[in-house]
Amino acid sequence: MTTPARKLNLNVGINTTGYLANAWKYRSGSRHDINDPDYYRRLTELAHKGRFDAVFFSDHPALMTDPASRPFHTIDPLILCTALSAQVPDIGFVVTMSSTYNSPFNFARRVQSTDIISDGRLIVNVVSSFNPNVAANFGSEPLPARSERYAKASEFLDVAKELWASWDPAREGEVPENRFWDAGSSHTIDHQGAYFSVRGPLNVPKGPQGHPVIAQAGASEGGIELAARHGEIIYCNILSRGAGRAFGAKVRDRAVAIGRDPSGIRIVPGLVVILGESREEALRKHELYSGTGSEDGLLARFVKENGIDPDGFDPDAVLDAERFIPDPNRLQAVGMGLGLSDLLTHEKLTARQAVRRSEGHHRLLLGTPEAVADDIIDLWADATVDGYTLQPPRAPDDIEEFVDKVIPILQDRGVYRREYEGKTVRDRYGLPYPQDPARAGDASALAVPVAARIGS
């Protein structure tokens, strides 16, 4: 059997008004869209037109109350995506859920149910919550330390994987006529760990993907460990080839060290695209959508965000990467803050150059559709990345423009699909199907290649 040609994977974020906090002023639609299920259906249909692998919903179970900005997370993404999967065919759904404030059994049951309902189109992005405001919504206990959150997340996923495999009706064999089912098709997991005690089995059967695809976001040491153990799709901020190669090697080397096959990992970082008829037009749009108004405004924001003394600041001096390494003990996500220092480690840049390389912590591409397509293909062609998660500054406007102007170029160049192929998101990402831990003795193993499954 011939191996299918490698294709670019693309997801698209469709949270509320778009990715950039200040761009809502320049989008079409009304402020009421963000709580309207039909709005998200229209965005998903637009993503389907562009043959995206999945629509991506981040989540943060706390209301951000800056009236100058917009709420970025409203409707629970799992509930919303369950409804959307019944309305829009083919496309996958990435839903973000916290391991810090969920129980493994309830999590495993809910997401396995959605994967069954969607016929194998669910990706679950498991995150450890970092905001004290989220902690306050779930009780009086303070936010756990970062190391504890990641240790808990790893055990959380160990338990979920055991539960997902704890009832497999396909293994029942022949059921006697006077019995409805064979209870031997299920088994308890009897998990006793540092954070969770769960008997099992799950009362939802094994799903069409074995279990939903697991996504992970984070590049801190704890995030790397979690990605290496459990992540199949890694959402991160890669701003250059050098940084991307270093990140990919770190995740895959760690996977090998713990006994996991790294071929089951796909790196799909965030990407912000601003198109123009020329690069100059795209630059002006960037200044507008960022809320800074000009290149001087971008530089002033850079100074403020990075705690730089504006007196004597030279925007054309080469930056020192070590100066921008985030505090590993800070409350905010550490991994997303590493993007700039990683970029500067591999490239000598000035502040004037750096402010045009990332936006919202993600790689920023500015220019004509042809130039943007070239840059997308560039890091994919040598497998620095496996694809991208497009984060449109404005929704729906920038999704529509990307679908109409960039997708056809990627298709014409033979790197991107014209029609959906494969039934599940595992098929489309070329990911292996989970090995049964009852047979393998390893809940984190991924051993059945997708090509073998399709060919069987």
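Reader: Which strand is joined by four bridges to strand S4 (residues 122-127)?
Author: Four bridges join S4 to a strand that runs parallel to it, where strands (E, at least two residues) and helices (H or I, at least four) are DSSP runs numbered from the N terminus. This is a predicted model, in which local features need pLDDT of at least 70 and side-chain atom pairs count only at pLDDT 80 or more, while totals for chains, interfaces and linings use all residues. Residues are numbered from 1 along each chain as its sequence is written, and side-chain values use heavy atoms, with hydrogens and water left out. The strand that partners S4, at residues 213-217, is S7.

Reader: Which strands stand at the edges of the sheet?
Author: Eleven strands form an open sheet with mixed pairing, in the order S9-S8-S7-S4-S3-S2-S1-S13-S10-S12-S11, and two strands count as paired if DSSP finds at least two bridges between them. Each edge strand has a single partner strand, so one side of it is left without a neighbour in the sheet; these strands, at 266-267 and 358-359, are S9 and S11.

Reader: What angle does the direction of helix H12 make with that of strand S12?
Author: Helix H2 (residues 77-87) packs on the sheet, touching strands S2, S3 and S4, and its direction makes about 165 degrees with that of S3; contact means heavy atoms within 4.5 Å. Axes are lines fitted to C-alpha atoms, for helices over the stretch in contact, and angles run from 0 to 180 degrees between N-to-C directions. Helix H12 (residues 369-381) also packs on the sheet, where it touches S10, S12 and S13, and the angle of its direction with that of S12 is about 145 degrees.

Reader: Which residues of H12 are buried?
Author: Buried means under 20% relative accessible area, exposed means over 50%, and partly exposed lies in between (1.4 Å probe, protein chains only). An α-helix has 3.6 residues a turn, so residues three or four places apart point the same way. The cover over the buried residues of H12 includes helices H7, H13 and H14 as well as strands S10, S12 and S13. Those buried residues are Pro369, Val372, Ala373, Ile376, Ile377, Leu379 and Trp380.

Reader: How many residues apart in sequence are the parts tied together by the pair Asp378 and Arg241?
Author: Asp378 forms a salt bridge with Arg241 (a side-chain nitrogen of Lys or Arg within 4 Å of a carboxyl oxygen of Asp or Glu), and their closest N and O atoms are 2.9 Å apart. Because Asp378 lies in helix H12 and Arg241 in helix H7, the separation of the parts that the pair ties together is 137 residues.

Reader: What radius of gyration does the chain have?
Author: The chain has 17 helices and 13 strands, and along its principal axes the C-alpha trace spans about 80 × 50 × 45 Å. The radius is taken over C-alpha atoms, and the globule rule is 2.2 Å times the number of residues to the power 0.38. For 456 residues a compact globule would have a radius near 23 Å, which agrees with the value of the chain, 22 Å.
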